[in-house]
Amino acid sequence: YRLEQLTSMRVDPDGLVLDIEDPRLFDCPFAFISDPRSLVLSEDEAAILRRYLLNGGFIMVDDIWGDRMWNHLMSAMKKVFPDREPVSLPLDHAIFNQPFPLKEKPQVPSEDSAHRQRHAPRAQQTWEDEISWETPQPADYRAYLDDKSRIVMLICWNTDLGDGWEEEGVSEWFFTTFAEKYSYPMGINI
């Protein structure tokens, strides 16, 4: 709904939930995976995703926190792209600058974590409490590229942009602090 409201793009506000093997996947230019901690791909599913991504499809992966989730996702992606590694996108990459210029790589905690932290001494914390680090990690945006260096999969690591979209109405504070400032501009850029 917001994408149509804030841009000239026409999108289905209800989206579509598909299994990887559903042939309609190839009719969708943009796919979204959230919280892939239990993602397991068969060889057939990996081949379908590889074909989808190398033939014009795009996948955004969001709500992935910490090394354990990262390593799990990379294990699954080795089946999809055994000969490719994701690259960290620098802040001067177009995805952080068009149409909305961002001064930092957005890190959005879940609304639940943000609400608890707002009333705690660590109100500036933007990572999720469920992740235990000695030194918290900033958000990073890593991409798998095709042979022409185009992004085919964007992995939004140590951030939950989707919570800024789906939880925008929970509180005015969360909306102005995370949804309006980070989740919508970055989502539109993507």
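**Reading the sheet and its aromatic pairs**

Guide: This is a predicted model. Start with Phe-58: its relative accessibility is 12%, so Phe-58 counts as buried.

Visitor: Is Phe-30 buried, partly exposed or exposed?

Guide: Buried means under 20% relative accessible area, and exposed means over 50%. Phe-30 has 42%, so it counts as partly exposed.

Visitor: How many aromatic pairs are there?

Guide: Rings pair if their centres lie within 6.5 Å. The count here is eight. In one of them, Phe-30 and Phe-58 have ring centres 5.2 Å apart and planes at 40°, so this pair is tilted. Phe-30 sits in strand S1 and Phe-58 in strand S2, 28 residues apart.

Visitor: What kind of pair do Phe-81 and Tyr-144 form?

Guide: A tilted one, with 5.3 Å between centres and 35° between planes. Phe-81 is in the loop between H3 and S3, while Tyr-144 is in strand S4, so the pair ties together parts 63 residues apart in sequence. Both residues are buried.

Visitor: What is the strand order in the sheet?

Guide: S1-S2-S5-S4-S3, in an open sheet with mixed pairing. S1 and S3 stand at the edges with a single partner strand each, so one side of each has no neighbour in the sheet.

Visitor: In which sense do S4 and S5 pair?

Guide: Antiparallel, over six bridges. Leu-145 has Ile-151 as its bridge partner in S5. Helix H3 packs on this sheet, touching S2, S4 and S5, and its direction makes about 160° with that of S5.

Visitor: Where is the kink in helix H6 centred?

Guide: On Ala-179, with a bend of about 50°. Ala-179 is among the buried residues of H6.

Terms used:
Residues are numbered from 1 along each chain as its sequence is written. This is a predicted model: local features need pLDDT of at least 70, side-chain atom pairs count only at pLDDT 80 or more; totals for chains, interfaces and linings use all residues. Side-chain values use heavy atoms; hydrogens and water are left out. The bend at a residue is the angle between axes fitted to the seven residues ending there and the seven starting there. Helices (H or I, at least four residues) and strands (E, at least two) are DSSP runs, numbered from the N terminus. Buried means under 20% relative accessible area, exposed over 50%, partly exposed in between (1.4 Å probe, protein chains only). Two strands pair if DSSP finds at least two bridges between them. Contact means heavy atoms within 4.5 Å. Axes are lines fitted to C-alpha atoms, for helices over the stretch in contact, and angles run from 0 to 180 degrees between N-to-C directions. Rings of Phe, Tyr and Trp (its six-membered ring) pair if their centres lie within 6.5 Å; planes under 30 degrees apart count as stacked, over 60 as edge-to-face and the rest as tilted.
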